[in-house]
Amino acid sequence: AVEYINTLFPTEQALEEAQKAIQQLFGKIKDIKDKAEKSEQMVKEITRDIKQLDHAKRHLTTSITTLNHLHMLAGGVDSLEAMTRRRQYGEVANLLQGVVNVLEHFNKYMGIPQIRQLSERVKAAQNELGQQILADFEEAFPSQGTKRPGGPSNVLRDACLVANVLDPRIKQEIIKKFIKQHLSEYLVLFQENQDVAWLDKIDRRYAWIKRQLVDYEEKYGRMFPQEWCMTERIAVEFCHVTRTELAKIMRTRAKEIEVKLLLFAIQRTTNFEGLLAKRFSGCTLADGTVKKPEVPLPSTNPFLEDEAGTETDEIVIEKSDTDKPKKPKVPDNPFHGIVSKCFEPHLYVYIESQDKNLGELIDRFVADFKAQGPPKPNVDEGGAVLPSCADLFVYYKKCMVQCSQLSTGEPMIALTTIFQKYLREYAWKILSGNLPKTTSSSGGLTITSLLKEKEGSEVAKFTLEELCLICSILSTAEYCLATTQQLEEKLKEKVDASLVERINLTGEMDTFSIVISNSIQLLVQDLDAACDPALTAMSKMQWQNVEHVGDQSPYVTSVILHIKQNVPIIRDNLASTRKYFTQFCIKFANSFIPKFINHLFKCKPISMVGAEQLLLDTHSLKMVLLDLPSIGSQVVRKAPASYTKIVVKGMTRAEMILKVVMAPHEPPVVFVDNYIKLLADCSTDTFQKILDMKGLKRSEQSSMLDLFRQRLPAPPSGAENAGSLSLSAPTPEQESSRIRKLEKLIKKRL
């Protein structure tokens, strides 16, 4: 136990031994730390010496490199001066670039006299080279004098390589002088006083430059570096000179310019511009900078190729967007307008010519229509668009494409004005002018005044051919309306952005809308007037003498007959424009139903049986009208909701009128309230007509009218409930029975 306790609680001796061990450990740690510090100091001393050696090596390397560059520069300058004197341009081209590169290393040492002297010698050599090369080119290709230009030489080819390294102005001067000399013959051959300079021989200008470019490729194609694009530069300068010369001669001889001559010149010029676009990238057109052509020149000279098909007599008309899917827009020809811009001030000749041509075209349309007559009716393909309108818009498109190739500025606005003029001419002369009219010996009158009753039931109606013609004109007007909108969009695409707001064909579209409206109105008037005799016969019948309710009356049969005769023809001929057929149906319903109601009011007095017969007839007409859009058609379509709503509303009012007439007028209060509820009509005139239809005496009508006026204000809710009486509820049993029998009869017939 004592030993166990001693292990848990060390004695004093054990503690002293532990302290000694700790002190020894601290001593060893301190010794290690001192040695580490000595080692670190030793490493620093070693690395310091290494860094000094590295700096010395780097400076020594730089010094050796600089001395080598200086040796190269000094030797290169001496060689450069010697080669320049001997015109060894091939060696100079490589050496000069090296000397310039080496000299760049000494930019920070220009304060040293020897370095500055070498730099000045290099600049002097460059200046001397520039002047010497220009003199060599002047000698080989003199800009003045009778000396024939020299041929290509290796010396000049190497000189061009040197010019690439010299000041860019040297290269530009070489290019400028060479092109000027190369085109000097052109200015002499085609000067203003020469016959060949006029527009009728413009082909010869382009033939000349093609020969020159072929000659250049054969003789000098390898003399100039390819990246100089000399062939393109010659062609571009030719274009600038040609534009200036043509503008000058056209100003002088403006009175001699005819449209055929102008279009010929423009066509040949745009063909040439298109040829340039095929052969060159246009890299020399922007700011005079040179960039590598996108497509290398072919091995065979492009100007020797056959150009058949590139110079047609007419510009090809673009296909409509509806004929083909839209493709990404092809980049514009960079050479477009480079010569043809000079023709723009004279395009008024073209615009005046199109004005005249379109006038003649409209006159021809008018004459052709008179000579050939209206289109033959064709039930299967009726309502066809008149072919003349397609001809008109094809001509419009040709003019638009042509003009946009000539100019997209003010001439396009002038052409748009011409388009507007002849769209209106076509609308009035070809479309409105050929809408059929009923005539008589007394002269031209409106159709309404001339639709006369014959033998009590027959009227002057449009023939089948005339109905087809109206539908054809309506379809044509709709085609013109849609195409005019597309024409406006196309014109806005073609014209300059600053002029887009001046393109507006809304007035012309409104004109075609008027033609459409007039055509529909004629169709409605014709059918409406055909039904007039039947309605007149209805109003003249003795309705108080009708003894029993039978089948539908003859006047209903007559109305249905006319509807079945006209509507299928109109529907078939407007098959391609169903929305306008729907408009026709709606307008007819809006015209016929009020007229029918007015004739109902003329049927007086009416007996109970007569009112029942009229109600049966009204229901028959209602069902026919609801079926009117698809009447006589093998394909039954549901009538448009807008049309059905009009028919239901109008014919329901007619039925309500007859139901009010059938209702007993005793007691008066119930009759008046029932009238107000069923008809919702506060007009005393309408109420007076109802009383006349019932055959009431004047004394009874007077008291009834007074009561009606008193009951007009909205009655209190209690009074309204007391007076809200259906026709069958508070009426005598006999009247209720008669109405139920009538409803059964209607259901049986249906």
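The expected span of a helix is taken as 1.5 Å times one less than its number of residues, and helices (H or I, at least four residues) and strands (E, at least two) are DSSP runs numbered from the N terminus. The model is predicted, so that local features need pLDDT of at least 70 and side-chain atom pairs count only at pLDDT 80 or more, whereas totals for chains, interfaces and linings use all residues. Residues are numbered from 1 along each chain as its sequence is written, and side-chain values use heavy atoms, with hydrogens and water left out.

The protein contains 24 helices and four strands. Of its 750 residues, 42% are buried, where buried denotes under 20% relative accessible area, exposed over 50%, and partly exposed the range in between (1.4 Å probe, protein chains only).

Helix α20, which comprises the twelve residues 668-679, reaches 16 Å from its first C-alpha to its last, close to the 16 Å expected at 1.5 Å a residue. The buried residues of α20 are Phe671, Val672, Asp673, Asn674, Tyr675 and Leu679, and just after this helix Ala680 adopts a positive phi of about 50 degrees.

The structure holds 19 salt bridges, each defined as a side-chain nitrogen of Lys or Arg within 4 Å of a carboxyl oxygen of Asp or Glu. One of them joins the side chains of Lys44 and Glu40 at 3.9 Å, N to O; both residues lie in helix α2, four residues apart, or about one turn of the helix. Lys44 counts as partly exposed because its relative accessibility is 46%, and Glu40 is likewise partly exposed, with a relative accessible area of 47%. In helix α6 (residues 168-189), Glu173 and Lys177 also lie four residues apart, and these two residues form a salt bridge in which the closest N and O atoms are 3.9 Å apart.

A further salt bridge is formed by Asp528 and Lys595, with the closest N and O atoms 2.8 Å apart. Because Asp528 lies in helix α15 (residues 506-540) and Lys595 in helix α17 (residues 578-602), the pair ties together parts that are 67 residues apart in sequence. Asp528 counts as buried, at 6% relative accessibility, and a network of salt bridges links Asp528, Asp532 and Lys595.
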